[in-house]
Amino acid sequence: MNILKLFFIMLMFSLSALQADAQGIISGPKKVVKTQKSNVNKTEERKTPRVSHETKRRTDHSRTGKISHNNYSRTPKVDYSRYNDGLVEAAENGDVKACHCLGHLYDKDYGYNGVLPDEEKAIRWYTFAADKGDYCAQIDLVFHCLNWPTTSAALETVLKYAEMGNVYMQSSLAAYYINKFKYSEAITWLRLAANNENAQDESYNEQGFPAQVEAWYMLGKCYCEGLGVNKDSSMGKMWMNKAAKAGLSEASTYLEEH
């Protein structure tokens, strides 16, 4: 009798243990589940949004103000930090760079700091800086606001700044006259651009070459082909070689073919 009672007691303990194990298999240990959930959350927190190259380029564009506009593809960054909150006051007091900055703020092609585009104000501030000799303000005014070379106002403005010594205006004016088959006028401006000792490299053509290098190439071609000037192969190749040494591929190709 005692043996049978002991057997039933042991059987009950065994069944209780099996039931506990079964419950553990079904539900799983709570601590393990909590740990796994925590790890998942930490993984999700470490994830950062993926940004496509296109989006990144747009972001960089809005920050730096770099822009591609017809055959002109770069302007320098405009630094607003030196003015802090005194940009307008500095511009009104005649600070040329501040005037250029204000032109940027109102320029539809830049649109910095959430300022609404205002073409009239952009032209006014660009013009003030440009007329005082700011090279980049001259370029911004002509290409962003006056839509060179489609308007008579643009032509007059380009002529004005070309006469002031802006090499990009000189080169662009020469290209304009070449497209109009007015080679004599083109030669005048090509010579000025090619020999411009104050040429700056803030603006580039689509290939990334300074305007003066492009002028060397165009002048060389005019001499080689007798366009607007007496044909002079040696003079033409001299200018063409200069452009080729600067890395302009069209110049190298032209020399190979002629």
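This is a predicted model: local features need pLDDT of at least 70, side-chain atom pairs count only at pLDDT 80 or more; totals for chains, interfaces and linings use all residues.
Residues are numbered from 1 along each chain as its sequence is written, and side-chain values use heavy atoms, with hydrogens and water left out.

As for the overall make-up, the protein chain has 13 helices and 0 strands (DSSP runs numbered from the N terminus, H or I of at least four residues for helices and E of at least two for strands). Of its 258 residues, 36% are buried, that is, under 20% relative accessible area with a 1.4 Å probe and protein chains only, where over 50% is exposed and anything in between is partly exposed.

Now for two helix pairs. Helix α5 (residues 96-106) and helix α6 (residues 119-131) have axes that come within 8 Å and cross at roughly 155°; axes are lines fitted to C-alpha atoms, for helices over the stretch in contact, and angles run from 0 to 180 degrees between N-to-C directions. On the α5 side, the residues in contact include Val96, Cys99 and Tyr106, and on the α6 side they include Trp125 and Phe128. Sorted by class, this contact has 9 nonpolar, 3 polar and 1 charged residues; Ala, Val, Leu, Ile, Met, Phe, Trp, Tyr, Cys and Pro count as nonpolar, Asp, Glu, Lys and Arg as charged, and the others, Gly among them, as polar.

Helix α8 (residues 152-163) packs against helix α9 (residues 167-179) at about 130°, with the axes 8 Å apart, and the two are therefore oblique to each other. Here Leu155, Val158, Leu159, Tyr161 and Ala162 of α8 meet Met169, Gln170, Leu173, Tyr176 and Tyr177 of α9. That contact splits into 9 nonpolar, 1 polar and no charged residues.

What about the cysteines? The count of disulfides comes to 0, taking a disulfide as a pair of cysteine sulfur atoms within 2.5 Å. The sulfur of cysteine 101 is 9.2 Å from the closest cysteine sulfur, in cysteine 99, too far for a bond. Cysteine 101 is also buried, at 4% relative accessible area. Likewise, the sulfur of cysteine 222 is 9.5 Å from the closest one, in cysteine 224, again too far for a bond, and cysteine 222 is buried at 2%.

Technical notes:
Contact means heavy atoms within 4.5 Å. Angles under 35 degrees count as roughly parallel, over 145 as roughly antiparallel, 65 to 115 as roughly perpendicular and the rest as oblique.
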